[in-house]
Amino acid sequence: MTTGIRTLRVALHQKRTVYRIIEIESASSLHDLAEAIMASFDFDFEHPFGFYSSDKPDKMRQQQPMYELFADTGQKTDAKSVQNTKVADVFAKAGHAMTLLYDYNAKWLFHVEMTGAGAKAAGKRYPRMAGSKGDAPDQYPDDFDI
């Protein structure tokens, strides 16, 4: 099913009680999904990122499938494109999860799990945040070392 929407629960990896429910068109790209996730957590969208099968930072770039912005910028990587990969191709069934690593220096990790699929609702714009729990952390806390 590549039409309609996907519903995804996106939780902070280190604190899974803080999460956002994102609804996005199935034909949207992983790049669009990452942008929607960052917006839902009030983060700037200005750093490289990737979606990974592993949730262990030291193993992420060793396990397939993986999708990275680097693949779209011409850098050497074994990953697939985030701009040319549809959400529906990665999140094909409920329960499937990946880890989003955003900002390779700060290492923000998000657990992204598909919770459902359905038809687009009339009058709604996608992507959209359909629910949330907990306050988003500061993207650049006072003790953040740049």
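Student: How many aromatic pairs does a search of the whole structure find?

Tutor: The search finds eight aromatic pairs. Rings of Phe, Tyr and Trp (its six-membered ring) pair if their centres lie within 6.5 Å; planes under 30 degrees apart are stacked, over 60 edge-to-face, and the rest tilted. This is a predicted model, where local features need pLDDT of at least 70 and side-chain atom pairs count only at pLDDT 80 or more. Side-chain values use heavy atoms, without hydrogens and water, and residues are numbered from 1 along each chain.

Student: What makes the pair of Phe 45 and Tyr 102 stacked?

Tutor: The ring centres are 6.3 Å apart and the planes are at 10°, so this pair counts as stacked.

Student: Why is Tyr 102 called buried, and why does Phe 45 count as partly exposed?

Tutor: Buried means under 20% relative accessible area, exposed over 50%, and partly exposed in between (1.4 Å probe, protein chains only). Tyr 102 has 0% relative accessibility, so Tyr 102 is buried. Phe 45 has 28%, so Phe 45 is partly exposed.

Student: How do you know that the charged end of Arg 9 sits over the ring of Tyr 19?

Tutor: A charge sits over a ring if NZ of Lys or CZ of Arg is within 6 Å of the ring centre and within 35 degrees of the ring normal. The charged end of Arg 9 sits over the Tyr 19 ring, 3.8 Å from its centre. Likewise, the charged end of Arg 20 sits over the ring of Phe 41, 4.6 Å from its centre.
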